[in-house]
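Here are a few exercises to work through with the model open beside you. Try each task before reading its solution.

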Amino acid sequence: MNFICNIPFFSILLSLFSGTVCSVLSAKAAKIVNRVVILAVGLMSAILLLYLLSTGESFIYWMGHFPAPWGNEIRAGVLEAGMALFFCIIMYLSMAGGAHKLPGEVVESKHNLYYILVNLLLSSLLALVYTNDMFTAYVFVEINTISACGLIMIRQVGRTIEAAVRYMIMSLLGSGLLLFGLCIMYDLTGHLLMSNIKESVGLIVANGEYQIPLIVSVALMCTGLCIKSALFPFHAWLPDAYGYSTVSSAAILSSLVSKGYIFLLIKIIYRVIGFSVFNSTRMIDVLFVFGLMGMIFGSLSAIKENDVRRMIAFSSVAQIGYIYMGFGMGTQAGMVASIFHILSHAATKSLLFIAAIGLTDVSGGSRRFADLTGSAYRNKWAGVAFTAGSLSMVGVPLFSGFISKLLFAQAAVQVEGKMLASLIVLGISTVLNAVYFMKTVIRIYTATTETPYEGITFRHMKAYAVTLVFFILLNVILGVSSQPVVDMIGQGLAMFA
Amino acid sequence: MSRKKTAEEYEKTFAFRFFRWLSGEKDPYIGNVEMQPQKKYEPDHEAALRREKEHDAIMDKVYDTGHNRWLHLFHRLYQTTSVLFCLFLIALLLVTVSYLPANGTVTRPVNNEVSARYIEKGLEETGAVNIVAGMILDYRAFDTLGESHVLFVATITVLILLRLNKTEKDEAEVSDRRFEPKNDAILQVVATFLVPVIIIFGIYIILNGHLGPGGGFSGGAVIGAGLVLYLNAFGFKKTERFFTEKTYKWVCFFSLSFYCLAKSYSFYTGANHLHSVIPKGTPGAILSSGLILPLNIAVGLVVACTIYAFYAMFRKGGF
Amino acid sequence: MGPNLFANYGEAVSAILFCIGFTNLLLQTNLIKKIIGLNIMDSAIYLFLAEKGYITGRVAPIVADGVTSTESYINPIPSGLVLTGIVVSVSVTALMLSLTIRLYTRYHTLDLDEISTQLKREGK
Amino acid sequence: MTAFQIILMGLLIICAVSVSFSKNLLNAILIYMSFSLVMSMLWICLESPDLAITEAAVGAGITSVLFFVTLKKIHAIDASDPEAKEEKENE
Amino acid sequence: MYLILLSILFPAAAGLFLLIRGRTPLSGEKGNTDRKTLLALTGCFLVITASLVFASLLTVKEGFTLFFLTKTLPIYFRIDGVGRLFSLLAVIVLPCAGFFSFAYMKHEERESRYYGFYLLVFGVLNGLCFAGNLITFYLFFELLTLSSMPLVLHSGSKEAVMAGLKYLFYSLCGAYAALFGIYFLYQNCDSLTFTTDGALRASAITQQGGFLLLTAFVMLLGFGVKAGMFPMHAWLPAAHPVAPAPASAVLSAVIVKAGVLAIIRVLAMFGKDFLRGTWVQSGWIILTLVTVFMGSLLAYREPVLKKRLAYSTVSQISYILFGLAVMDETSFTGALFHVLAHGFVKAALFLCAGAIIYKTGKTRVEEMRGIGKEMPLTMWCFTIASLGLIGIPPTGGFVSKWYLALGSLESGLPVFGVLGPVILLLSALLTAGYLLPLTIHGFFPGADYDYGSLQKKEPCKLMTVPVFILTFLSVLIGLFPNLVDGIIVMAAARR
């Protein structure tokens, strides 16, 4: 076995171990460890990705001395490695972009705890990405949930604690359903490993035995993950959680945590149930409908919002709707579009959160639109970044948002029954997006004659500005050279089968 | 014959609205999209206060469920639908259960080659008499590694939520003790007898984890419970002599690090098909079954400390 | 209805318990009862899992007298999974309870709806 | 054995339902404690002694203690309800 | 190849430079010098850009691909006949209006922002004209909307912001409607590169003909928003009165034409043979005729000068669209000719209106009695341009309308072949009705006019010269249509 194949294992264990290590370090050292770990994992994932692209085959890695159905396994393919790399990039940028807010919002003595949470979150995301075992996935979903909850309430104002409680309640409902579905699946197949379950599911479908439990199990697992990733009717916790937590948390939560669950769902669809079996259940129609509803209602709530960060949070609801709509189409193209949208949305949404914090900082900390007037002149970098993010959200060509919408539309055109609905909703939602994002952009670029607030120059926020530049670059790269990414996603999905 | 309409009357007609739309005078945004003209900033505290009061009044009106019949009705409706939904869920699950393979039989899919190998070869491959312990700490050790980190991250969140700084801590302790007698004699006497027994029992469970029922987690929980009892009987002063936040931190750190590193070694050797140097020992002996015993000890330490930490955090926000 | 409802009475009970827990978690306004509901829900799932492993007439998977034949022991896998699961649910319970304490010190109520009303009243 | 199991399961359901409908929080917690104990007995019946030990230590022990402490904390915050002395429930 | 890229990127970069660097000119001595440098810079930029565009118009023959957006979607540039024509229009009108605004914008705030976006618009327009496939075109179409919006809401008053938003939303909705058409085309074409006549696969036409027709109609409507076609024309009269006059001139003379260019492209993609005689054509002709007539009628009733001119734009653009909708060679020539003619004339008219507003502050038509006595030069230009818009022989308007009517009659369409010219004629009469009174009352204010208070208010050279140039050009193409014919024929051949 090639040494590079150890990388998934190393990345998970490294981030897990760094969490433990941070618990005895001072805040400063913990911060450094955190950054180094994220960078190292990102670097390793990049190497792994290159290696996998060159070999063109996925591989299985034993977690222990025992082969397939007896021991735990992790599995790495192009898609997994790419996701890991992307998660690391976003996480690093989010941490860097929000670092200057941390001292003001979190008690000094709890900083190292924050970094523990981030490290563990990273490790759980990596494990979710790489795992080949359902029960391992469940355990790491729990780590993910708890550390996300910690990220929400690390800034201890009333709102965040309330949001954390709501988040936990919804998440636990989701975990419960997921675990129950998993148990039924275990009962039917007798396996916990994804590849073995898939074989057995194939047999079950072929025999026509246990049809109802199978469908119920699939439905339970899907519902659980949908609840956890804040699909439309289950999004009540989201605006407060994203709107009031410290900014790095908001960026990470919106762009990574929910995406981790969605990626797990993709794995379940492809590697556990099988794409064709999944499509034959009615589940995809349900996902489709809720996705469409999310797209509309999320945008409508965002339009009504008078608080910029909550507005961005509501926009997340709409964007998650897009992803589920892609699932609901039930085609390979729809899936590719959804996965691309995961990337594009993660890049854009964290950019928006980080840019928004720059704008609110120069408006006396207020998030109301009235106070934000002209803030783009006071903090030029944040203004430009916010505009770029908005353009991407609205779907202007050259930004990543356009490509994902293009892919969705292309996928929709191929699906007979759902074409019209998805295209129309896509159009409406895009226009609604344009309404609230362009409104904000105009607002922040409306010059005020006299402001009580001080501006900020480049010199005082070097790290912040550089982060923003990287984010914009990421967006533009995704928007301009999307073909390699799309190819990679296609290749990764092919490896899934 | 045309009748001259007044301006007001005319404004209500369809033709007026049509022509207004035709000539592009109708603005669909006014009143719909928030966009107000630029005003100079004038700090106006009175207005702000007044606004706040009005806001409060409105909120009172909206959320006073006692008088707001519609909201009340909505709540009722919500609850009814939720109950119905749950009944539906029960029915669905029962139907599902009725289609599942029959319970207690050997022929179900669950009893396949996986469990067969655990039972048949478990003893020789892991060295653990307790097959469950062998399974969770060797075959499926990655899950268990995750599990102990769940506990760890939960402690971290509890620390974030409840840990107080020095001065707050003292106040918290005072208020915590308000309702209970200090140094309850009965409790103390009972505790003197009970605590060592409990703790020894816990240690037994941990050390016996690979030989019989039990293991790190349950043993750790028992020890933790013993510590909690001790704390209740003798107060924080006594326990702080041997157990402080620092102790907790380092015990946790070393146990988890050991766990992580040991498992990493075993994963690494396993995946790369290297020979592991850890001896299996004779099955049934206390020093046997490779890494399972040390891992059980590590887990036990972590759990005991964590449970004590939970309790102390809940009681006074630190220890 | 399938053929095995009465044979699977354990699973049926666990399904009912699951739903009771679910309802509690969803409907109770009181946070502590919500948490109890959560615990009941988790326990129900563990019961369901444990029922999976049980085979009539066999004993717990602790090797006695060196007998390692499949015929003598029940399936050990569910027990292991439940063991892991219980730890998870304890952690979550502790976290939820500490959240409850924080929330109560801040808002002096355990009712989530009331808290959101208060939040709106604060206007922040 | 089966009859015993069925009785235990009936107890479980009774406990769960009465938790849902009990007005007093303390009662609810006590009932939940007994729920855990019944559960641990059930696990003995299902030939899983590991689980029984763990459930007894955790469900009936630690979790309940944490519930009681929480309840006590809450009453302490209110400083009005003096009947919060039931936190000495371990093992 | 680099010339094309340069002529797009240079003005854009220059605009961004002004936006980033520029600060509001201060009052006093320092502000004055600041302002002078700003103007000098902008002037240089405009001239350089114009020469770059001319150079690329003359020299560049081949298209090139910049990069690939996705595997089958290249960003591709090429200069063809139609693009050349529109680019010519832009490259004449934009510098003229730019120099005009040097004088006009003197007292406005935040000039650097205005010029920055002005240059951006210039660059984007060049990109739009040189775009070689539909996706590239769409990219610049969106960018055009976004970069021209700040020009509309420049003054920052409530009306301006609302008008800007209105413009933005109308345009975006239209563009998205068109985008869905593009998705379908992408599905049913081999490539999205502009062709002369139809790029649809034959199989697609037979299988999904009905759906493709719907798509075509939606795309026409979507791009028609930008061109101010009837159901979605309302943004024009809202945006024009609030925008600075030179910005209105650009908006009306060039940016609105982007919609026309888009529709020409769409038409070419679908192919005339595919659309001819279908319900799409009839529906489209009806819409254009309604717009032509309604626009003139509304302009006739409108008392505010700039708004009147805006309605006039609505009406006149639909002349062009009518010419396209007839799908006949002659009328197509007429339409292209009208693009130029209307561009020059409308720019001149708006600049005149701007000069009047700048000097006298009067915005309503009835206030402008005797204006010809006060500002004779401006009013003469106004009059000549009006004649051009009405279509009186020596001007360009006559030639284009002649071709339009002729083509419509030749096309042999059942009803519209005859109805079209009639409505065009009616509308021309209305045009005369709403433009000439201004001249008449301007020069002959009547007996009761108080000549005592009369004073010369002729604006400075910076204002008059651009107006002269544009007026002169509008007459020139009327006198010597052959000058333009070369380009038009080329455009018509390679559309």
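**Exercise 1.** In this predicted model, find how many residues of chain C are in contact with chain A, and work out which elements of chain C supply them.

*Solution.* Start with the count: 29 residues of chain C touch 21 residues of chain A. Next, sort the chain C side by element. Those giving two or more residues are α1 (9-27), α2 (31-53), α3 (77-107) and α4 (112-122) of chain C. Then look for the main contributor: α3(C) brings the largest share, twelve residues.

**Exercise 2.** Compare the radius of gyration of chain A with that of a compact globule, then describe the fold in numbers.

*Solution.* First take the reference: for 497 residues, a compact globule would have a radius of gyration near 23 Å. Chain A has 22 Å, so the two agree. Along the principal axes, the C-alpha atoms of chain A fill a box of roughly 75 × 55 × 45 Å. For the secondary structure, count 22 helices and two strands in chain A. Burial comes next: 69% of the 497 residues of chain A count as buried.

**Exercise 3.** Work out how helices α15 and α17 of chain E are arranged, and which residues meet between them.

*Solution.* Begin with the axes of α15 (residues 376-390) and α17 (residues 416-443) of chain E, which come within 9 Å and cross at roughly 165°. Angles over 145 degrees count as roughly antiparallel, so α15(E) is roughly antiparallel to α17(E). The crossing of α15(E) past α17(E) is left-handed. Now list the partners: those in α15(E) include Met379(E), Phe382(E) and Leu389(E), and those in α17(E) include Ala428(E), Leu435(E) and Phe443(E). By class, the residues of this contact between α15(E) and α17(E) are nine nonpolar, five polar and no charged.

Definitions and conventions:
Residues numbered from 1 in each chain as written. Chains lettered and ligands numbered in written order. Predicted model: local features only at pLDDT ≥ 70, side-chain atom pairs only at ≥ 80, totals over all residues. Contact = placed C-beta atoms within 7 Å. Helix = DSSP H or I, 4+ residues; strand = E, 2+ residues; numbered from the N terminus. Rg over C-alpha atoms; globule rule 2.2 N^0.38 Å. Buried ≥ 20, exposed ≤ 12 C-beta atoms within 10 Å, placed from the backbone. Axes fitted to C-alpha atoms, helices over the stretch in contact; angles between N-to-C directions. Parallel < 35°, antiparallel > 145°, perpendicular 65-115°, else oblique. Left-handed = near helix turned anticlockwise from the far one by under 90°. Nonpolar A, V, L, I, M, F, W, Y, C, P; charged D, E, K, R; others polar.
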